[in-house]
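Biologist: Before we discuss any label, please show me the model. Then tell me which rule stands behind each label.

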Amino acid sequence: MFTVKLSFNEDLMTYTLIIPSISIGNVGQLATDLLINSIAAQKVGYIDTAYLFPMVGTEAFADGKDPAKGKLTTGCEIFVSTPHKLIIVQQRSPIINGKARFFQAELRQWIKEKRFKLVVLMSSSFAHKRDRKSVV
């Protein structure tokens, strides 16, 4: 099962898709949260799938002062910034062991169907595993 629920109906062919990779130090996810918060992207949907651990928690941007910033969040949400032409997927829940291939196939199919202008994967790696060429 892989269902994308969106309340945003614009054609996405002119949008860039940004997705974090669940990786070392959660750098991709943290960078994605920073981007969402910095450009005031709006939550417009979520991905409901049996391939991610079920999860619910307090919104990442809750500060206790603004009631709108204290809502619940789920394991995989979708945000939009129309001025920047960005669709941002924020995956907070890890993929269930043995289900990565299925999740990737379904996500890839959705990306192909929407025909995004560009897809950016936010990731990270161990410093000792890179060489000079990858830094410069």
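Modeller: Helices (H or I, at least four residues) and strands (E, at least two) are DSSP runs, numbered from the N terminus. By that rule the protein has three helices and eight strands, and along the sequence they follow the pattern β-β-α-β-β-β-β-β-α-β-α. This is a predicted model, in which local features need pLDDT of at least 70 and side-chain atom pairs count only at pLDDT 80 or more, while totals for chains, interfaces and linings use all residues. Residues are numbered from 1 along each chain as its sequence is written, and side-chain values use heavy atoms, with hydrogens and water left out.

Biologist: Why is Thr16 called buried?

Modeller: Buried means under 20% relative accessible area, exposed over 50%, and partly exposed in between (1.4 Å probe, protein chains only). Thr16 has 15% relative accessibility, so it counts as buried. Thr16 belongs to strand E2. Contact means heavy atoms within 4.5 Å; leaving aside neighbours within four places in sequence, Thr16 is in contact with Lys85, Leu86, Ile87, Leu118 and Val120.

Biologist: What makes E6 largely enclosed by the rest of the structure?

Modeller: Six of the six residues of E6 are buried, so the label applies. Cys76, Ile78 and Val80 cover one side, and Glu77, Phe79 and Ser81 the other; all are buried. In the protein, buried residues make up 34% of the 136 residues.

Biologist: How do you know that E6 pairs with E3 and is joined to E7?

Modeller: Two strands pair if DSSP finds at least two bridges between them. E3 and E6 have four bridges, in the antiparallel sense, and Lys43 has Phe79 in E6 as its bridge partner. E6 and E7 also run antiparallel, joined by six bridges, with Glu77 opposite Gln90 in E7. The two strands E6 and E7 form a hairpin with four residues between them, and Lys85 in the turn has a positive phi of about 55°.

Biologist: What makes a set of residues a nonpolar core?

Modeller: The set must consist of buried Ala, Val, Leu, Ile, Met, Phe, Trp, Tyr and Cys residues joined through side-chain atoms within 4.5 Å. The largest such core has 20 residues, of which Leu17, Ile87, Val89, Leu107, Trp110 and Phe116 touch the most other members. Strands E2 (16-20), E3 (42-49), E6 (76-81) and E7 (86-91) and helix H2 (100-114) each supply at least two residues. H2 gives the largest share, four residues. A second, separate core of seven residues includes Ala41, Phe79, Leu86 and Ile88.

Biologist: Why is the pair of Phe8 and Tyr15 called edge-to-face?

Modeller: Rings of Phe, Tyr and Trp (its six-membered ring) pair if their centres lie within 6.5 Å; planes under 30 degrees apart count as stacked, over 60 as edge-to-face and the rest as tilted. The structure holds four aromatic pairs. For Phe8 and Tyr15 the centres are 5.7 Å apart and the planes at 75°, so this pair is edge-to-face. Phe8 is buried at 14% relative accessibility, and Tyr15 is buried at 0%.

Biologist: How do you know that Gln91 is buried, and what does its side chain reach?

Modeller: Gln91, in strand E7, has 5% relative accessibility, so it counts as buried. The Gln91 side chain reaches the backbone oxygen of Ser93 at 2.9 Å.

Terms used:
Polar contact = N/O pair within 3.5 Å; in protein donor to acceptor, adjacent residues only side chain to side chain.
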